[in-house]
Every structure is written in C-alpha cells, then in structure tokens.
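Keep the structure open while reading.

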Amino acid sequence: DVTPFKAIINDMYAKDISKKVKGVLKEKELKGEYLGSFPPFGYKKCKIQKNKLEIDTNSSYIVKKIYELYLDGNGFQKISTILDKEHIKTPSQYLNMSYQRETWNPKTVRAILVNEVYIGNTVQNKCTSISYKVKKKRKKSPEEYIIALHTHEAIIPEEMFNKVQDIINSKKSLSAKKHDILLRGLMFCHNCRRKLRICYRKKR
C-alpha cells in the first residue's frame, strides 16, 4: 500500500538533489571554474589549482598557427589541409582518444577560431539535460551561456581574436545575402530527418 507514496517521495528527492547540484555547478561556472571533462585544445588542467586552465606548450603553438593562417587569407578547409600536410596531431590525438591517424576537420578549425577560451574567458552552460529524469542534452542559445572573463592566461591576443571574428562574421553575412532561400531550415532528409542545407561550389 505504501509503494506509490515511496515512489512519490523518491521522485521529489531526486528532483531536489538535481536542483541543488545544478545550483552548485552554476555558482562554480559564474566564478569561472572550468568544469569540462577535457581541457580545450591548447590548454591543460592545472595540477595545483582545481578547475583552472593553464597553457599547454605542446599544443598551444598550433592554436596560434591556426589564427595566423586564417588572418593570412586561408579558409577552414585550406588550414585543415596545411595541418595534415605537416602531420600535426588533431585535438583528439593529443588527448589520446584516437590511436590511428586522423585528418583535421574544417569544423574543428572553425571551433578553435571562434572559442573565447583562447583570449582567457571561460564559456560554459552551453547545454543542459532536458530534465532530471531524462539525461538527453539540449543545446542552449548563446544568450544563455555563462561567460567568465579573464579566468586564465590567454593564448591569442584579444585584438587578433576580434579581427578573426570580424572576418568570419562578414563572410557569414555576405553568404546569407547572396544565397538566402525561402525554404531554409524547413527541408529535411526523408531518411535521417536532419535539416538539409545548400552547398555552393565555384560558379554553381
């Protein structure tokens, strides 16, 4: 007879614990403590101070190289090709998450170029679980991100970072003006249900 009541009490307890854990994590994020499982490429976790990032000299030079290559007029794909030709390890290989030869992905290059962590800011709270019952994550909008400024040593000067963002944003807005279509975001693949996107090649 008491089983239903036990289930209700357990559910309330789980909900309360989840709320408290989220509160603690949010407080740490606001303080600028890095809570990710793995450090961003170019950094390592400090052994002395918990939840703090410090520059990894073994990989930080690659981050600088990527920014310099982009400012020299190379696109994401071209930078990936250059890094592959020079046999530079990918981020997953540096973390020993891959034991086979990998190639650089243009998406990885872009992610490095737009990440504020490289100017000393910690950006977190990018996704959250749907509820305390469902572990599936959902992405949050950039307005919901928690950004703590100047929490660790920067790899990239802020002026250089801002120049890169200006170029990326200008290309994005130009592409949107040139190739905007009425059905953008409304067409899906019949098999996998993912959104379809337009790919433009030279003169096509």
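## Cysteines, core and pocket

The whole structure holds zero disulfides (pairs of cysteine sulfur atoms within 2.5 Å). C189 is in no disulfide; its nearest cysteine sulfur, in C192, is 3.7 Å away. That distance is too far for a bond. C192 is partly exposed because its relative accessibility is 46% (buried is under 20%, exposed over 50%, partly exposed in between; 1.4 Å probe, protein chains only).

This is a predicted model: local features need pLDDT of at least 70, side-chain atom pairs pLDDT 80 or more, while totals for chains, interfaces and linings use all residues. Residues are numbered from 1 along each chain as its sequence is written, and side-chain values use heavy atoms, without hydrogens and water.

The largest nonpolar core has 26 residues. Such a core joins buried Ala, Val, Leu, Ile, Met, Phe, Trp, Tyr and Cys residues through side-chain atoms within 4.5 Å. V63, I66, Y67, W104, I112, L113 and Y118 touch the most other members. Helix α2 gives the most, six residues (helices are DSSP runs of H or I, at least four residues; strands are E, at least two; numbered from the N terminus).

The second largest pocket holds about 1,300 Å³ of space. Y34, L35, G36, S37 and Q124 are the closest to its centre among 45 lining residues. Helix α1 gives the largest share of the lining, seven residues.

| Lining class | Count |
|---|---|
| Nonpolar | 22 residues |
| Polar | 14 residues |

A pocket is an open set of points on a 1 Å grid over the protein atoms alone, where a 1.4 Å probe fits, with protein on both sides within 12 Å along at least five of seven lines; lining residues have an atom within 4 Å of a point. Points are joined across faces, edges and corners, and the volume is the space filled by probe spheres set on them.

How values were computed. Nonpolar A, V, L, I, M, F, W, Y, C, P; charged D, E, K, R; others polar.
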